[in-house]
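Please read these notes with the model open beside you.

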Amino acid sequence: MSVIAPKFRLGYFLKGIFDNAFWILTIVTLAGIPAIQIVLFYLELPVIDGELLTAFLAFTWLFNPTMQIPLIKALIYSDLFRIVAFPGFGFAALIAAGTIFVERKMLAKLQLRVGPFYCGKVEGILQLAGDGLKLISKEIIIPAKADKPLFWAAPVLFVGTAAAFVALIPVAPGGWVVADLDVGLLAVFAVIGFFPIITILSAWSANSKFPFIGGIRALHQMVSFEIPLILSLLGVVILTGTLNLSEIVESQSSFPWIIFMPIGAIVFFTTMLAELERIPFDLPEAESEIVAGWLTEFSGMMYGLVQLGSYLKLYAFAALFVIIFLGGWTGPVFWPPLETELITEGIPIPNYAGDPILTVNTPGLPLLDKDPNEWVLQEQGELVYTSGQLLVSGVIWFVLKTVGVIFFILLPRGVFPRIRLDMLLHIGWYKLIGLSFVNIFIALGLVYAGVIGPGGIL
Amino acid sequence: MAEQVIPTKKMPPGLQVENVDDRIMTLNVGPQHPGSGHMRIIVKIDGDYIVDADPDPGYVHRGEEKMAESRNYITNIPHLERPVIHDSCNILYPYVLGVEDLVGIEVPERAKYVRVIAAELNRCIYIQYWLAIYGIFLGHSTMFMWPAGDRELLIDLMEKITGARVTHAYFIPGGVRNDVPANFEDVCLRQVNYFEKRIKEYADIFYDNPILKARTEDTGVLSREDAIRLGTTGSVLRASGVDYDLRIKEPYDVYDELDVHTNVLKSGDSYARSKIPWLDMLESCNIIRQALEKMPKSGSIRTKLKPNPKGREDEVYRRVESGRGSAGCHIISRGKPEPYRLKLSVSSFRNLIALPYLLKGEKLGNMPAVYWSLNYWPVEADR
């Protein structure tokens with residue numbers, strides 16, 4: 001049953017390339033272009049500048065300087081852009097990729113070695129891309145006795161749930177969030193509750209011993225740490241009186257909640273490490289005991305998807321910590337009010353207010369404003385910051401804080417050994433739950449003492 | 001409970017019928033398991049508790065003893081160090097001492113000191129490797145990288161002395177193969193001092209780590225009586241409170257002229273067993289410094305042997321303290337250039353005997369911590 005690799009022949013090689021090109025072109029022409037046209041036919045397109053955008057107009061406007069900016073702005077403010085690119089999946093995946101790179105290099109420095117070095121010439125920045133290509137090109141092996149539908153579904157469900165978690169995270173002021181729910185925090189708890197189910201289903205469906213033990217461990221760990229996780233965040237909910245994550249951030253415009261809730265922050269950070277299965281709580285993937293835990297039977301891109309999901313989850317948890325305890329995007333506005341000048345020459349930007357043709361000496365910024373008139377209002381002194389300035393400054397603060405929290409999530413990996421299951425359950429059920437109750441009582445005390453809340457001092 | 005299986009006919013010897021309990025899960029930890037080494041442990045678990053553990057070595061058996069019977073005393077040297085290439089000087093030491101007894105030659109004074117230095121350096125190299133694996137078994141990746149990196153210092157030193165990084169084949173009957181390089185004393189002293197400074201830092205990140213202490217203390221406790229009864233040696237024996245070190249009890253070469261201290265801990269748990277080799281490394285640094293001081297600055301390093309030496313008709317048994325415990329070599333000679341029978345008595349196999357007793361009743365999470373704390377090298381046990 002051995003397969004002998006055929007010898008390299010240039011003719012076969014070229015034939016392969018031509019075959020691939022032929023089939024790709026054929027499929028794109030016969031299926032891709034009609035599919036795009038059908039989608040565009042049914043898609044509800046925005047009205048720009050009093051004119052309904054069509055697919056034809058989009059191509060025309062791309063080369064029309066006066067219409068480019070409205071077109072791109074309409075794209076940025078569409079729901080699709082939010083889900084795919086900025087506050088949603090693309091942004092989170094970018095931070096996740098950065099996290100993997102930083103983790104590797106930081107851990108390497110800690111352990112007196114070099115880390116990824118060659119791939120990508122500069123400090124191995126393309127190592128992740130290389131790893132991804134390798135995972136994609138590998139064969140996906142499924143155990144013979146596995147429950148195939150569940151086994152296939154598990155990685156996809158894992159990434160999907162992690163992405164749902166990311167969708168609930170507000171990134172910048174002005175509604176930059178995929179799903180702005182009034183019960184945002186409750187939705188977060190609901191999404192977190194899905195992870196143990198997916199883990200145990202994938203572990204059980206593999207029908208193998210080591211994944212099964214890993215799945216049981218993950219179930220123990222996640223279920224017993226979910227309770228202190230929820231309790232530790234209740235203190236902030238009591239203080240703010242809202243479950244909406246954006247409103248929780250806005251309530252911290254003068255000071256972050258970590259000043260009053262340090263115990264809650266510590267409990268939440270610890271439970272976060274356990275939910276993320278990171279060292280010292282990486283029991284479900286304990287290598288020396290149970291091979292790779294519930295990931296043992298995953299191969300190729302299935303494993304890659306689970307890893308992607310877990311790093312998305314890491315970003316989402318770090319962002320949740322920032323939103324609830326560190327004040328999210330609040331902070332001094334980075335962008336000082338610029339000395340804008342009205343000039344009459346240059347590329348005219350359409351303006352809903354009417355006649356003035358306005359260009360500002362900061363290229364690109366008017367793109368980010370919700371309303372082009374904000375520049376005029378700022379010029380007249382009616383508006384301190386335009387929404388574009390607030391967005392840029394908010395995102396910078398948010399990313400800085402999130403990266404800081406991620407750094408502290410990564411750090412224990414170089415310092416601590418793995419702990420044992422009974423120690424883990426002891427920490428979860430005795431210490432953390434007790435501490436989170438202390439935190440809730442502190443919050444109640446602050447509210448009833450009249451320090452915070454309606455009519456409070458602060 | 002499943003029904004009891006009653007064999008209808010007589011079972012062939014070596015096979016046994018096992019009753020299957022639904023609560024018990026049998027795990028094959030190894031030989032292709034990241035936490036096993038080149039062996040298998042058949043572990044039966046009830047929930048998280050180990051009810052039975054059956055170590056199953058033999059996957060890397062190479063027949064070293066049989067091979068030794070068809071080679072003469074000199075050509076036996078390179079292959080006899082193969083069982084533990086990381087501790088190659090110490091595993092060869094008893095064989096060389098035994099052959100010197102049989103052939104009847106004296107070793108020059110300088111060669112004895114060079115041998116002690118090489119043996120102690122090699123002990124450190126072995127323990128560093130062992131410690132790295134102990135670190136990664138406990139999920140401590142920094143403790144994997146640090147010893148593996150610092151080990152390079154001493155490997156470079158050994159390369160300067162012997163010309164090979166790991167498999168030295170440096171000890172030969174009558175002395176050592178070649179002399180140390182010219183500025184060896186200075187280089188060795190500098191490297192060893194720096195090495196000692198480095199390994200003292202391991203206490204900060206590993207041995208004083210509260211999570212490590214909570215995990216390994218009071219796990220796999222081997223009492224003093226059990227340690228003696230099961231015949232364990234080396235660090236396992238000394239961690240259980242038995243003061244037994246062959247460098248002091250049966251000094252060979254020049255160990256009786258050096259001030260050797262031995263490290264004994266009383267508790268007998270995994271933590272003590274993991275700490276003893278680290279203390280041994282610090283002690284080795286002391287011994288190397290003393291030996292460098294007392295070593296004759298010049299002189300012969302080898303007594304010339306006849307080309308194909310014949311041992312007298314006798315049998316000898318010599319043993320030394322290796323990185324893992326006592327390593328013995330029993331040679332029976334019939335007056336020929338080859339040994340009639342050669343038996344390696346290694347500490348890995350003796351320490352492995354304690355494993356089933358220690359693992360019974362432990363939690364599954366403790367398995368790697370207990371297993372690797374036995375200072376066990378699978379290849380050496382299989383020989």
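1. In this predicted model, H12(A) passes H18(A) in a left-handed crossing. The contact draws on A:Ile263, A:Gly264, A:Val267, A:Thr270 and A:Thr271 from H12(A), and on A:Leu432, A:Leu435, A:Ser436, A:Val438 and A:Asn439 from H18(A). Sorted by class, the residues of this contact are five nonpolar and five polar, with no charged ones.

2. Two packed helices are described by the angle between their axes and the distance between the axes. Here H12 covers residues 262-275 of chain A and H18 covers residues 421-448 of chain A. The angle is about 150°, and the axes are 8 Å apart.

3. Which residues touch the most other members of the largest nonpolar core? They are A:Val166, A:Leu312, A:Tyr315, A:Ala316, A:Ala318 and A:Phe321, in a core of 202 residues. The element that gives the most to this core is helix H4 of chain B (residues 109-137), with 19 residues.

4. If neighbours within four places in sequence are left aside, A:Tyr315 is in contact with A:Ala92, A:Ile95, A:Ala96, A:Thr99 and A:Val166. Of these partners, A:Val166 is also among the core residues that touch the most other members.

5. Is H4(B) mostly covered or mostly uncovered? It is mostly covered, since 27 of the 29 residues of H4(B) are buried. From its first C-alpha to its last, H4(B) reaches 42 Å, close to the 42 Å expected at 1.5 Å a residue. After H4(B) comes B:Gly139, which has a positive phi, near 80°.

Technical notes. Residues are numbered from 1 along each chain as its sequence is written. Chains are lettered from A and ligands numbered from 1 in the order in which they are written. This is a predicted model: local features need pLDDT of at least 70, side-chain atom pairs count only at pLDDT 80 or more; totals for chains, interfaces and linings use all residues. Axes are lines fitted to C-alpha atoms, for helices over the stretch in contact, and angles run from 0 to 180 degrees between N-to-C directions. Helices (H or I, at least four residues) and strands (E, at least two) are DSSP runs, numbered from the N terminus. A crossing is left-handed if the near helix is turned anticlockwise from the far one by less than a right angle, and right-handed if clockwise. Two residues are in contact if their C-beta atoms, placed from the backbone, lie within 7 Å. Ala, Val, Leu, Ile, Met, Phe, Trp, Tyr, Cys and Pro count as nonpolar, Asp, Glu, Lys and Arg as charged, and the others, Gly among them, as polar. A nonpolar core is a set of buried Ala, Val, Leu, Ile, Met, Phe, Trp, Tyr and Cys residues joined through C-beta atoms within 7 Å. A residue is buried if 20 or more other C-beta atoms lie within 10 Å of its own, exposed if 12 or fewer, and partly exposed in between; C-beta atoms are placed from the backbone. The expected span of a helix is 1.5 Å times one less than its number of residues.
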